[in-house]
Amino acid sequence: MKMIKEILGRLFALWALLVFVGSLLVVAIPIWVTGLWSEPKRTVHVFKIFRLWMKFFFVFSGIRRVFKGSEHFKKNENYVVVCNHNSFMDVPLSSPGIPGANKTIAKAEMAKIPLFGMIYKRGSVLVNRKSEESRRQSYSKMKEVLSMGLHMCIYPEGTRNKSSEPLQRFHDGAFKLAVETQKAIIPSLIFYTNIVLPRKTFYVWPHRVEMHFLPPVPVHNKSVQQVKEEVSSIMRTYYVNHKKK
């Protein structure tokens, strides 16, 4: 039975790859055209394309998406959205799943991939974690994203959680950004993406994925450490209480 599942997982991976690449070729031109607009109009239009693209991708890959708590995003407000990180499938779920145009902090190396890199850059603030200068520049760019009225999505664990713990230790960046810009934080929890795309070579398994948005956490009169500990506690408790076996 295990061998059959391994074979099916690779066949599903091949199908998902074909769906992704085929649809990428279709959306590449309209996404390129958005470069004619200045920000934030460019990201607003890119976001609309991303939403349609990822809806197509997930449906035709056999992966059902469930979103809860979208009502916590108030009209004419923008937020720092923080998510847990378990799989490479998290970004395709989270970025188009967040209500309203947004950008995600992302690895600069991925932008070097032909064609995909152009699309990747449209929805991201790029950072080379090995470069102190790149980290400083990306932080300034994230402030600009928020000043334009867009949401900024950050994975405070920094990398995929490969441990048995619900969450890894959070870095300060997202919380420093929220405190300095006085933007409330919306904690969000992603479930089951590690089942769909686990840490295996070329393997995809059709399964439901979920993203739950929690009520905003205000940052007024709080230190970076206080906000980080509060958000970490909220997310850890929620994840443990809502993750089904």
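**Thr104.** I looked up Thr104 and found it in strand 3, residues 102–107. The model is a predicted one. Thr104 has a relative accessibility of 2% and counts as buried, because the cut-off for buried is under 20%. I then listed its contacts, leaving out residues up to four places away in sequence. Thr104 touches Ser95, Gly123, Ser124, Val125, Met152, Cys153 and Tyr155.

**Helix 2.** I checked the length of helix 2, residues 41–60. Its 20 residues should span 28 Å at 1.5 Å a residue, and I found 29 Å between the end C-alpha atoms, so the two values agree. Next I asked which residues of helix 2 are buried. I wrote down Thr43, Val46, Phe47, Ile49, Phe50, Trp53, Met54, Phe57 and Phe58. These buried residues pack against helix 1 (2–33), strand 1 (65–68), helix 3, strand 3 and helix 4 (116–122). Strand 3 is the strand that holds Thr104. Just after helix 2, I noted that Gly62 has a positive phi of about 80°.

**Helices 5 and 6.** I looked at how helix 5, residues 132–147, packs with helix 6. The angle is about 50° and the axes are 11 Å apart. The crossing of helix 5 past helix 6 is right-handed. On the helix 5 side, the contact is made by Tyr139, Met142, Lys143 and Leu146. On the helix 6 side, I listed Gly173, Lys176, Leu177, Glu180 and Thr181. Sorted by type, the residues of this contact are four nonpolar, two polar and three charged.

**Lys162.** I finished with Lys162, which sits in the loop between strand 5 (151–154) and helix 6 (173–181). Is Lys162 buried or exposed? Its relative accessibility is 52%, so I count Lys162 as exposed, the cut-off being over 50%. I also checked Lys162 against Asn86. The two are 76 residues apart in sequence, and their C-alpha atoms are 7.3 Å apart in space.

Key. Residues are numbered from 1 along each chain as its sequence is written. This is a predicted model: local features need pLDDT of at least 70, side-chain atom pairs count only at pLDDT 80 or more; totals for chains, interfaces and linings use all residues. Side-chain values use heavy atoms; hydrogens and water are left out. Helices (H or I, at least four residues) and strands (E, at least two) are DSSP runs, numbered from the N terminus. Buried means under 20% relative accessible area, exposed over 50%, partly exposed in between (1.4 Å probe, protein chains only). Axes are lines fitted to C-alpha atoms, for helices over the stretch in contact, and angles run from 0 to 180 degrees between N-to-C directions. A crossing is left-handed if the near helix is turned anticlockwise from the far one by less than a right angle, and right-handed if clockwise. Contact means heavy atoms within 4.5 Å. Ala, Val, Leu, Ile, Met, Phe, Trp, Tyr, Cys and Pro count as nonpolar, Asp, Glu, Lys and Arg as charged, and the others, Gly among them, as polar. The expected span of a helix is 1.5 Å times one less than its number of residues.
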